[in-house]
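These are my notebook entries on one protein chain. I record what I looked up, in the order in which I looked.

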Amino acid sequence: MTLAEQERPEAAPAAAELAYQRSMDRVLVHRRAVMEVFVTDAVRLGDETFAVALQAPRAHSYYNDHTQRPALLDPLFLLEAARQAVTVVAHQWLDVSYDTSFLISDWTTEFTDLAALRARGDAPDELVIEVSARDLRRRGSRLLAATLECVFVVAGRRAGTSAIVAGYLSRDGYTAHREKSRGSIPPSSSDLPRTRLGATVQPALVGRERAENVVLTDVERPGGALALTATLDVPVWHPAMYDHPLDHVPAMALMEAARQAAVLAAGDPAERHHARAFGATFRRFVELDSPVTVTVTPSGEARCTVDFLQDGESVCTAEIAVAPVPAGPDTDGGDGRAT
């Protein structure tokens, strides 16, 4: 039985204890800017089960920058919400120190109730992410790897699931790993020029309003098996994708690129397309000092494979499913399940 097929358990009694009054400490979610912290509270429910409260931003230059109408919670915000939730759990309860680097190898997410994700607009959207820790591998007391399974609950409705397979390296271990795998010291995003490369895709074609949030350039449609090819161009000065200096392209930026590529391949109108499922394998770090080609191959049933190629190798592959945006208010009493 998959995570998506499991029935949601009875509401946890501790859910009433969750608060939304203020953000948790930014160090718990590896953010520098307080405005990039969306976790407001967290409680332990059992030995390896937890509940995390989050509040969505209402006027964020990245997460609220969409042309979809009616507006849905940004799937990239929900991925970031899951990342923050499992990071809090790791630090608070799995004995992971604050100077540990989190390395994601696999990440699968599916939103099964798009209507539940409709943004309220008149008030901040709040949600709970129920986290279960599985397959914990330790060396002594130090956590080496784990699988964190998440359930998104919005207004009491189960809206989707996510599973993150992560490894954990100490600061020194991370530095040694990066230098060994590259054969040199990687550059930092803060040292790179603040320039864009190539011809940026028109924002409306990927469901965006702001050009600074577009991460694809030089799109071509070669025909044959490929729907399109493009070049990855994530602005290193972007306040959300590069909240703090990094020596690689972060997983969240790759998922935004995969979403944009899938929406672009789905065709007009982009505002009617919503990325409802993500499945990604991260094979190695995506370096900042070498070009990355993005290819999209249709795989049937409104799905496509997005591959990231760097130096002749596939460094990340994502499977993205796109669904129509629910057209109106959820008034029919159904579950709003996307098909």
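I began at the end of helix H2, where Gly183 follows with a positive phi, near 85°. Helices here are DSSP runs of H or I with at least four residues, strands are runs of E with at least two, and both are numbered from the N terminus. I noted that the model is predicted, that local features need pLDDT of at least 70 and side-chain atom pairs pLDDT 80 or more, and that totals for chains, interfaces and linings use all residues. Residues are numbered from 1 along each chain as its sequence is written, and side-chain values use heavy atoms, without hydrogens and water.

I then checked the length of H2. Its 12 residues (171-182) should span 16 Å at 1.5 Å a residue, and the end C-alpha atoms are 17 Å apart, which agrees. The expected span is 1.5 Å times one less than the number of residues.

Next I looked up Ser101, which lies in strand E3 (residues 101-111). Is Ser101 buried or exposed? Ser101 is buried, at a relative accessible area of 19%; buried means under 20%, exposed over 50%, and partly exposed in between, with a 1.4 Å probe and protein chains only. Beyond its neighbours within four places in sequence, Ser101 is in contact (heavy atoms within 4.5 Å) with Gly167, Tyr168, Leu169 and Tyr174.

Finally I turned to the whole chain. I found 3 helices and 12 strands. Buried residues make up 51% of the 339 residues. The C-alpha trace spans about 55 × 55 × 35 Å along its principal axes.
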